[in-house]
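Subject: Handing over a structure, with notes

Dear colleague,

I am passing a structure on to you, and I would be glad if you could read the notes below with it open beside you.

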Amino acid sequence: MNDYPESAARFARETSGHTMTVLFEQGLYRHLRFESADGSGYRFDLHTSPNRLMFHGEVGTYIFSVWPTADLFRVFSESSIGDRPNFGYWNEKLVAWSEPAIQFSCDLFDKRVAEELTKAEEFFPGVAAAWKSFVEAEYNTEFEEIAREALAAFEYLPEGQWGEAWRFRYTHEWALDGYDWRYLWACPAALFGIAQHDAAKAVAS
């Protein structure tokens with residue numbers, strides 16, 4: 001899973017010069033654009049209509065829908081955990097997306113593999129290096145099907161050591177899904193946009 005603090009820091013860097021332009025606003029129908037003056041990238045738009053909010057930007061598109069609350073700006077703000085988006089709750093409200101919010105995580109896979117290899121190294125010295133060579137030669141573990149195939153195929157016995165070769169065990173029980181980095185970027189973007197909008201409205205009033 002991508003680490004949220006790291007993702008939040010990335011979002012802050014990539015939107016540090018962003019300002020809001022109201023392209024349309026009539027009641028709950030809104031089209032807000034957020035971009036830097038120099039056009040350096042990571043522009044995104046927020047569109048709302050009753051019971052619906054769409055984030056659209058360079059990282060992807062996510063459409064959320066909630067009933068019966070009509071204003072999703074209110075839903076997002078009130079459901080947040082401090083200044084952190086409520087990723088789980090918001091994921092439940094997704095109705096369409098360009099990339100799944102949750103999918104196979106290379107980070108989780110690598111972390112779990114490293115944990116198992118560290119434990120095995122004491123009794124099967126060289127197993128971590130053998131796994132590294134094995135994967136680099138045959139498998140692209142960025143894809144879940146191939147990653148799990150590699151886990152099933154790998155076995156290791158140090159030269160001169162007798163007995164049963166070491167293998168990964170119970171890998172079917174491994175949970176390897178996490179929030180995609182694009183989703184981790186889009187949710188803070190929505191909160192950022194809502195805060196900018198609310199601040200502008202407060203000044204105007």
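A salt bridge, as the term is used in this message, is a side-chain nitrogen of Lys or Arg within 4 Å of a carboxyl oxygen of Asp or Glu. Please keep in mind that this is a predicted model, in which local features need pLDDT of at least 70 and side-chain atom pairs count only at pLDDT 80 or more, while totals for chains, interfaces and linings use all residues. Residues are numbered from 1 along each chain as its sequence is written, and side-chain values use heavy atoms, with hydrogens and water left out.

Salt bridges

By this rule the count comes to 14 salt bridges. One of them joins Glu 136 to Lys 132, with the closest N and O atoms 2.7 Å apart. Helices (H or I, at least four residues) and strands (E, at least two) are DSSP runs, numbered from the N terminus, and because Glu 136 and Lys 132 are four residues apart in helix 5, they are separated by about one helical turn. For accessibility, buried means under 20% relative accessible area, exposed over 50%, and partly exposed in between (1.4 Å probe, protein chains only); Glu 136, at 58% relative accessibility, therefore counts as exposed.

A second pair lies in helix 6, where Arg 148 forms a salt bridge with Glu 144 and the closest N and O atoms are 3.1 Å apart; these two residues are likewise four residues apart, about one turn of the helix. Arg 148 is partly exposed, with a relative accessible area of 24%, and Glu 144 is partly exposed at 29%.

Glu 155 forms a salt bridge with Arg 167, the closest N and O atoms being 2.9 Å apart. Both residues lie in the loop between helix 6 and strand 8 (177-179), so the pair ties together parts that are 12 residues apart in sequence. Glu 155 counts as partly exposed at 48% relative accessibility, and Arg 167 is partly exposed at 27%. Elsewhere, Glu 25, Arg 30, Asp 71 and Lys 201 are linked in a network of salt bridges.

Helix 5 and what covers it

Which residues of helix 5 are buried? They are Val 127, Trp 131, Phe 134 and Val 135. These residues cover an arc of only 90 degrees around the axis, which puts them on the same side of helix 5; the arc is that of the directions from the helix axis to the C-beta atoms. The face turned away from the buried side of helix 5 carries the exposed residues Glu 136 and Ala 137. What covers the buried residues includes helix 4 (106-121) and helix 6 (144-153).

Ala 120, which is found in helix 4, is buried, with a relative accessible area of 4%. Leaving aside its neighbours within four places in sequence, Ala 120 is in contact (heavy atoms within 4.5 Å) with Val 127 and Trp 166. Ala 120 and Trp 166 are 46 residues apart in sequence, yet their C-alpha atoms are 7.9 Å apart in space.

Backbone features to check

Most residues other than glycine have a negative phi, and most peptide bonds are trans. The peptide bond from Trp 67 to Pro 68, however, is cis, with omega near 5 degrees, and Pro 68 is found in the loop between strand 5 (60-65) and helix 2 (72-79). Tyr 42 has a positive phi of about 60 degrees although it is not a glycine; Tyr 42 sits in the loop between strand 2 (29-36) and strand 3 (44-49) and counts as partly exposed at 24% relative accessibility. Asn 51 also has a positive phi, near 70 degrees. Asn 51 is found in the loop between strand 3 and strand 4 (52-57) and is buried, with a relative accessible area of 8%.

With kind regards
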